[in-house]
Amino acid sequence: MNAAVTTELKLIDHWIGGESLRGTSDRSGPVYNPATGEQTGQVSFASVEEVDRAVGTAKAAFPEWRTWSLSKRADLFFRIYDLFDRHREDLARLLTAEHGKVLSDALGEVQRGIEVIEYVCGIPTLLKGGYSEQAATGIDVYSIRQPLGVAAGITPFNFPAMVPMWMWAPAIACGNTFVLKPSEKDPSASLLAAELLKEAGLPDGVFNVIQGDKIAVDALLEHPDVAAISFVGSTPIARYVYENGTKAGKRVQALGGAKNHMVVLPDADIDMAADAAVSAGYGSAGERCMAVSVLVAVGGAGDALVDAIKVRLPKVKVGDGMDPDNEMGPLVTREHRDKVASYLDSGPDQGATIVADGRESAPNGNGFFLGVSLLDNVTPEMDAYRDEIFGPVLSVVRVDTYDEALRLVNENPYGNGVALFTRDGGVARRFQFDVNVGMVGINVPIPVPVAYYSFGGWKSSLFGDRHIYGPEGIDFYTRTKAVTSRWPDPKTSKVDLGFPQTR
Ligand code: NAD
């Protein structure tokens, strides 16, 4: 932190009330190009006063914003969709520059975020309430959905465009105003999003960005004018945000870390499973909360699966994400790369077998690279199994039976995603019934739900009772009001309303 700022460094600011705002605290942090290891930017870290200013601006914008008609809001979101669609490449380049993921993957991230914008273009339908006519004689009861006020989003480094879109798109479409606190590691995409929202015609103050770290997060958690907090990040911080946010009376959804298993049964199509394991284990250098981290090879599947993966590994091209030939980029920081690489020491020390050591295949230079790595014969006691590695190190755990595989998955403290590879529909159906995980893939390694379902894990992968985006996102960002109403029947009214009187 507080690295020397040179004139070449890009200064990354806050966005409050429809304009960029230079930070006034004396705190800031470095932003790197992970492919070269060079510092490229310096991001301001907000003070408590700056957070208060952002929340105050969002609060002031709320009364007017919530009066916008549903059709006007839908029109605006179609314009937002159009602008983000036209700026896909610009957003993706920012992601590659600060996060490191390859450009094709960054474009995929932007696409999945835009799908949430597309979903909320249907906001008039999504906000429909219920109506019961004649609940009692002359009495109707109906429910309406109303926004909460100021909602805040706190997001992780690994999806700097998509995860914020999971939050701000439904929150704003529902009539809330929004304060985003992006990851300090790759903060620029949020500022481009802010500019695009302004260009689309979103009123100033409805969307605000404060850059920063724990101080900004704590200020949001404590702020009396923040009604709701959406968090995505690691499990310890998710728990912290959930506990402190709810203690302060806020509605909180806090999505945490993961350890995703891919169970491969002996009858599976091994080539299909190996292709899936490579793309889901090493895509985005394993820095996805839905990345496959553990391959659970059942019965005879182990040798064939490890052999099939082994022949695929040398073909994965690792290098600068801006080069379209590369399929896997660097890790986000040097410290994180070193931590991930340490499992290639602790794994064998604790009894695992190294099939591929990414330290040997990493490109030369100062970039934060680690090549694709595979550990076999991992057991549940080992650190490589217990920790969320969040890097390109896949572990293979061998078990004898389906029941053992299921027990392993269900006893794991995380429950984000899981995949089953099999040719047997009956077993697949039983698995989806039995497994204690929030998102399940059948012959699909990364089962991220489409935008009209909701995304969320179970157990230590989510604190709160609403998953994110989709129908549960609409629920999260609204509260319902039930109205019971009685109007005098004009036919029996003593006042002459021009209706023919029957008595
Ligand atoms: P992180 O928990 O370190 O940071 C997330 C956010 O919390 C950032 O904005 C950060 O500034 C803030 N933060 C960090 N430390 C804090 C502290 N002590 N107090 C208050 N705020 C703090 O996570 P990360 O490293 O940015 O992201 C990777 C993690 O996110 C992984 O664990 C991954 O599984 C998880 N993740 C989960 C999902 C999901 O949907 N469940 C999606 C993406 C990422």
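Guide: Let's begin with how the pieces get their names: helices are DSSP runs of H or I with at least four residues, strands are DSSP runs of E with at least two, and both are numbered from the N terminus. This is a predicted model, in which local features need pLDDT of at least 70 and side-chain atom pairs count only at pLDDT 80 or more, while totals for chains, interfaces and linings use all residues. Residues are numbered from 1 along each chain as its sequence is written, and side-chain values use heavy atoms, leaving out hydrogens and water.

Now to the loop between α10 (270-282) and β14 (292-298), where you'll find Ala285. Ala285 has a positive phi of about 55°, although it is not a glycine. It counts as buried because its relative accessible area is 1%; buried means under 20%, exposed over 50%, and partly exposed in between, using a 1.4 Å probe and protein chains only.

Next, look at Phe157, which is in the loop between β8 (150-154) and α6 (162-173). Phe157 and Glu287 are 130 residues apart along the chain, and their C-alpha atoms are separated by 9.2 Å. Phe157 has 12% relative accessibility, so it counts as buried. Contact means heavy atoms within 4.5 Å, and if you leave aside neighbours within four places in sequence, Phe157 is in contact with His99, Ser183, Lys185, Asp186, Glu287, Val332 and Phe390.

Phe390, from that list, takes us to another loop, the one between α14 (383-386) and β17 (393-399). Phe390 has a phi near 60°, a positive value in a residue other than glycine. With 16% relative accessibility, Phe390 counts as buried.

Let's step back for a moment to the domains. Their bounds come from an automatic or database domain assignment, which gives domain 1 (10-256 + 461-483) and domain 2 (260-442). The C-alpha centres of the two lie 31 Å apart. Where they meet, 21 residues of domain 1 are in contact with 23 residues of domain 2.

Now for some rings. Phe, Tyr and Trp rings (the six-membered one for Trp) pair if their centres lie within 6.5 Å; planes under 30 degrees apart are stacked, over 60 edge-to-face, and the rest tilted. There are 14 aromatic pairs in the structure. One of them is Tyr32 with Phe368, an edge-to-face pair with ring centres 5.9 Å apart and planes at 75°. Tyr32 lies in strand β4 (residues 28-33) and Phe368 in the loop between α13 (358-361) and β16 (373-376), so this pair ties together parts that are 336 residues apart in sequence. Tyr32 is partly exposed, at 28% relative accessible area, while Phe368 is buried, at 1%.

Another edge-to-face pair is Tyr402 with Phe431, 6.4 Å centre to centre and with 70° between the planes. It links distant parts of the chain, with Tyr402 in helix α15 (residues 402-411) and Phe431 in helix α16 (residues 425-434), 29 residues apart. Both Tyr402 and Phe431 are buried. There's a ring cluster too: ring pairs link Phe84, Trp168, Phe178 and Phe207.

Rings can also have a charge over them, which here means that NZ of Lys or CZ of Arg is within 6 Å of the ring centre and within 35 degrees of the ring normal. Find Trp68, and you'll see the charged end of Lys72 sitting over its ring, 4.1 Å from the centre.

Two more residues are worth a stop. Thr96, in helix α3 (residues 88-98), is buried with a relative accessible area of 3%. Its contacts, apart from neighbours within four places in sequence, are Lys101, Val102, Leu103, Ala106, Gly321 and Met322. Gln134, in strand β6 (residues 130-136), is partly exposed at 46%. Not counting residues up to four places away in sequence, Gln134 touches Ile139 and Asp140.
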